[in-house]
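Hello,

Here is the structure we spoke about. Please open it before you read on.

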Amino acid sequence: QRQTLDQNAAWMRQNTPTRIVLEGHTDERGSVEYNLALGERRAGAVRQYLLQLGVDEGRLRMISYGEEKPASLGASDNDYRQNRRVEFMPKGE
């Protein structure tokens, strides 16, 4: 996923007024509390990587949805893999 993160960081450097909310998501396995914490750690790891690539800290905000907003509703390994993600949500200036 580093290539995607590198591309997102390059886009952010070209679109300096844009702020980004990093939304951390998990699959449905585990407790609600565990998944919220895991989603936050996941978003935090992406945030740290973006900071290392020169993205301004003030442009990044994090939120964890845990298992609340699945990308896929199934219960297969592929569904779980799709649900473990961080989404970039541009928020304008």
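Below are notes on the sheet, the helix across it, a few residues and the pocket.

First, the ground rules. This is a predicted model, in which local features need pLDDT of at least 70 and side-chain atom pairs count only at pLDDT 80 or more, while totals for chains, interfaces and linings use all residues. Residues are numbered from 1 along each chain as its sequence is written, and side-chain values use heavy atoms, with hydrogens and water left out.

**The sheet**

Three strands form an open sheet, in the order β2-β1-β3. The pairing is mixed. Strands are DSSP runs of E, at least two residues long; helices are runs of H or I, at least four long; both are numbered from the N terminus. Two strands pair if DSSP finds at least two bridges between them. β2 (60-66) and β3 stand at the edges with a single partner strand each, so one side of each has no neighbour in the sheet. From one strand to the next, the twist averages 25°. Angles run from 0 to 180 degrees between N-to-C directions, and axes are lines fitted to C-alpha atoms, for helices over the stretch in contact.

β1 (residues 20-25) and β2 run parallel, joined by six bridges. Leu-22 stands opposite Met-62 in β2. Gly-24 has Ser-64 of β2 as its bridge partner.

**Inside β1**

Six of the six residues of β1 are buried, so this strand is largely enclosed by the rest of the structure. Buried means under 20% relative accessible area, exposed means over 50%, and partly exposed lies in between (1.4 Å probe, protein chains only). In a regular strand, side chains alternate between the two faces of the sheet. In β1, Ile-20, Leu-22 and Gly-24 point one way. Val-21, Glu-23 and His-25 point the other way.

Look at Glu-23 in β1. Its relative accessible area is 10%, so it is buried. Glu-23 touches Ile-63, Tyr-65, Arg-85, Val-86, Glu-87 and Met-89, not counting residues up to four places away in sequence. Contact here means heavy atoms within 4.5 Å. Glu-23 and Arg-59 are 36 residues apart along the chain, with 14 Å between their C-alpha atoms.

Pro-90 lies in β3. Leaving aside neighbours within four places in sequence, Pro-90 is in contact with Thr-18, Arg-19 and Ile-20. Pro-90 and Arg-59 are 31 residues apart in sequence, and 9.8 Å apart from C-alpha to C-alpha.

**The helix across the sheet**

α2 lies across β1, β2 and β3. This helix runs at about 155° to β2. Two of its residues are worth a look.

- Arg-47 is in α2. At 17% relative accessibility, Arg-47 counts as buried. Leaving aside neighbours within four places in sequence, Arg-47 contacts Leu-22, Glu-57, Leu-60 and Met-62.
- Leu-38 is also in α2. Leu-38 counts as buried at 19% relative accessibility. The C-alpha atoms of Leu-38 and Glu-67 are separated by 9.8 Å, and the two residues are 29 apart along the chain.

**The pocket**

The largest pocket has a volume of about 380 Å³. A pocket is an open set of points on a 1 Å grid over the protein atoms alone, where a 1.4 Å probe fits, with protein on both sides within 12 Å along at least five of seven lines; lining residues have an atom within 4 Å of a point. The lining has 13 residues, and Gln-1, Leu-5, Val-46, Arg-85 and Val-86 lie nearest the centre. α1 (2-14), α2 (32-52) and β3 (85-90) are the elements that give two or more residues to this lining.

Best wishes

Key
Points joined across faces, edges and corners; volume = space filled by probe spheres on them.
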